[in-house]
Amino acid sequence: MDIARHLALIDELCFRPFPAEHGPSRPGLVKAVLESGHGLCGGDPGERAVTVEQYEKERDALCERLAERWGEPALWNLQTVLLRTEREEIPEPWAALSARARVAYLWEAQGTGRWLALAVADRDETDEVQLLVVVTEEAPP
């Protein structure tokens, strides 16, 4: 992991204009995969567990650095959000994030009007494990 590279990307996402068109990102929202790999379905469950643990450590290291800037993050249980999607309309990116990750660390990026979520996407065992960052104007529900 390259914390400096990840922090530079997070800074860029917090301050550059949002995209004007739909795509992997959309107006008012950008997503980036900081780390990805290992643990696809059919692979070694032990390898997947090691990857999840590694990405959680990387997430925690990034959290420490971001906390120096914006204060302690809010820890958000995405299981609750996922359950809420069954009975109410949850805005994006929060509904999609709850389908991919179990928890997210959240900050309101001071001076930007944006929210930042940092999460390890490991909920779907048929998909790669990913360390994700989401930056959006949409406040968490």
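1. A residue is called buried here when its relative accessible area is under 20%. S98 has 0% relative accessibility, so it counts as buried. The model is a predicted one, and the points below should be read with that in mind.

2. S98 is part of helix 4. Leaving aside residues up to four places away in sequence, its contacts are L78, V81, L82, T85 and R123. Helix 3 covers residues 78-84 and helix 4 covers residues 94-100.

3. What lies between these two helices? The loop between helix 3 and helix 4 holds P93. The peptide bond joining E92 and P93 is cis, with omega at about 15°. Most peptide bonds are trans, which makes this a spot to look at in the model.

4. The arrangement of W76 and W94 is edge-to-face, with 5.2 Å centre to centre and 80° between the planes. The count of aromatic pairs comes to two.

5. On the overall layout, the protein has four helices and five strands. Read from the N terminus, the elements run α-β-α-β-α-α-β-β-β. Of the 141 residues, 44% are buried. Among contacts with a separation of 6 or more, 62% are between residues 24 or more positions apart.

6. The five strands form an open sheet in the order 1-5-4-3-2, and the pairing is antiparallel. Strand 1 (29-37) and strand 2 (74-77) are at the edges with a single partner strand each, so one side of each has no neighbour in the sheet. On average, and with direction ignored, neighbouring strands are turned by 20° against each other.

7. Which strand pairs with strand 1, and over how many bridges? Strand 1 pairs with strand 5 (residues 129-136) in the antiparallel sense, over eight bridges. For V33, the bridge partner in strand 5 is L132. As a general point, strands of a sheet pair through backbone hydrogen bonds.

8. Helix 1 (residues 3-15) packs on this sheet and touches strand 1, strand 3 (101-109), strand 4 (114-121) and strand 5. The direction of helix 1 makes about 165° with that of strand 1. The length of helix 1 can be checked: at 1.5 Å a residue, its 13 residues should span 18 Å, and the end C-alpha atoms are 18 Å apart, so the two agree.

9. Which residues of helix 1 are buried? They are H6, L7, I10, L13 and C14. Viewed down the helix axis, the buried residues fall within an arc of 120°, so they line one face of helix 1. A4 and F15, on the other side of helix 1, are exposed.

10. What covers the buried residues of helix 1? The cover includes helix 2 (45-70) together with strand 1, strand 3, strand 4 and strand 5.

Methods
Residues are numbered from 1 along each chain as its sequence is written. This is a predicted model: local features need pLDDT of at least 70, side-chain atom pairs count only at pLDDT 80 or more; totals for chains, interfaces and linings use all residues. Side-chain values use heavy atoms; hydrogens and water are left out. Two strands pair if DSSP finds at least two bridges between them. Axes are lines fitted to C-alpha atoms, for helices over the stretch in contact, and angles run from 0 to 180 degrees between N-to-C directions. Contact means heavy atoms within 4.5 Å. The expected span of a helix is 1.5 Å times one less than its number of residues. Buried means under 20% relative accessible area, exposed over 50%, partly exposed in between (1.4 Å probe, protein chains only). The arc is that of the directions from the helix axis to the C-beta atoms. Rings of Phe, Tyr and Trp (its six-membered ring) pair if their centres lie within 6.5 Å; planes under 30 degrees apart count as stacked, over 60 as edge-to-face and the rest as tilted.
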